[in-house]
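Here are my notes for your read-through. Please keep the structure open beside them.

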Amino acid sequence: MPDFTAVSPDSLLDLIAERAMGMRGYAVIAVDGADAADPVAVAGGVAERLRAQGRPAEVVSLHDFVRPASVRLEYDRDSEFTYRTGWFDYSAVNREVLKPLRDSGRYLPALWDERADRSARARIREAADGTVLLLAGPMLLGRGLDFDLTVALRMSEGALRRRTEAAEMFTVDGLLEYQREHAEEPDLLVAWDHPDRPALRRG
């Protein structure tokens, strides 16, 4: 059984930022978490701390790399299988964000507008030297993506069901099955049932 130590939310963000400050060149951090965990907000908090210390930082949301609705909803609007296997375009994340950032310092911040269901029409950005890019969203680990640091905001089934909106409840089964299928362990595993009282796995 993993051993966890309670930390404050601020201390957690400080720790992630401290680890990022020790990285050279362009660096990519995964903040893996269900929508109910609000990983984008966590990534944003880390980015703020990095910028305050003079390190460029950007946040990219995985929800800006969803597949078109015609693909996501082809078989069943509430399919947990489709959610965990076909909802997000992880290959596009690698092709448009991670690889070009490392190769040339350029990246595409968004590919698809999920709400409007059309191209995001985003322009390629030039990252400042030494930029730390935080990619935030669900089910990032075990996808063959190249990260310098991985943070997982892990929630129990009960917490997921309590904090997930009714219309999105089908995603819970997909998230739980994903956790069972993917054995890749994050660098920092955070118990996130109570975001105001997180706990960090020791060791």
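1. A residue counts as buried when its relative accessible area is under 20%, and as exposed when that area is over 50%. Arg 84 has a relative accessible area of 10%, so Arg 84 is buried. Bear in mind that this is a predicted model.

2. Arg 84 has a partner. Glu 181 forms a salt bridge with Arg 84, with the closest N and O atoms 3.1 Å apart. Glu 181 sits in helix α7 and Arg 84 in helix α4 (residues 80–86), so the pair ties together parts 97 residues apart in sequence. Glu 181 is partly exposed, at 47% relative accessibility.

3. Asp 173 and Arg 161 meet in a salt bridge at 2.8 Å, N to O. This pair links α7 to α6, joining parts twelve residues apart in sequence. Glu 177 and Arg 180 also form a salt bridge, at 2.9 Å. These two are three residues apart in α7, so about one helical turn separates them. Arg 180 is exposed at 59%, while Glu 177 is partly exposed at 22%.

4. The structure holds 16 salt bridges. Asp 10, Asp 14 and Arg 49 are linked in a network of them.

5. Look at the surface charge too. Asp 35, Asp 38, Asp 76, Asp 78, Glu 165 and Glu 168 gather in a negative patch. Glu 165 lies in the loop between α6 (157–163) and α7 (170–181). Glu 165 is exposed, at 60% relative accessible area.

6. Now the overall fold. The chain has seven helices and eleven strands. Of its 203 residues, 46% count as buried. The radius of gyration is 17 Å, which agrees with the value near 17 Å for a compact globule of 203 residues.

Notes. Residues numbered from 1 in each chain as written. Predicted model: local features only at pLDDT ≥ 70, side-chain atom pairs only at ≥ 80, totals over all residues. Heavy atoms only, no water. Patch = residues over 30% accessible without salt bridge, like charges linked within 9 Å, V, L, I, M, F, W, Y side chains within 5 Å. Areas by Shrake-Rupley, 256 points an atom, 1.4 Å probe, with all protein chains shown as cover. Salt bridge = Lys/Arg side-chain N within 4 Å of Asp/Glu carboxyl O. Lys, Arg positive; Asp, Glu negative; His and termini not counted. Charge placed at Lys NZ, Arg CZ, Asp CG, Glu CD. Helix = DSSP H or I, 4+ residues; strand = E, 2+ residues; numbered from the N terminus. Buried < 20%, exposed > 50% of the residue type's maximum accessible area, 1.4 Å probe, protein only. Rg over C-alpha atoms; globule rule 2.2 N^0.38 Å.
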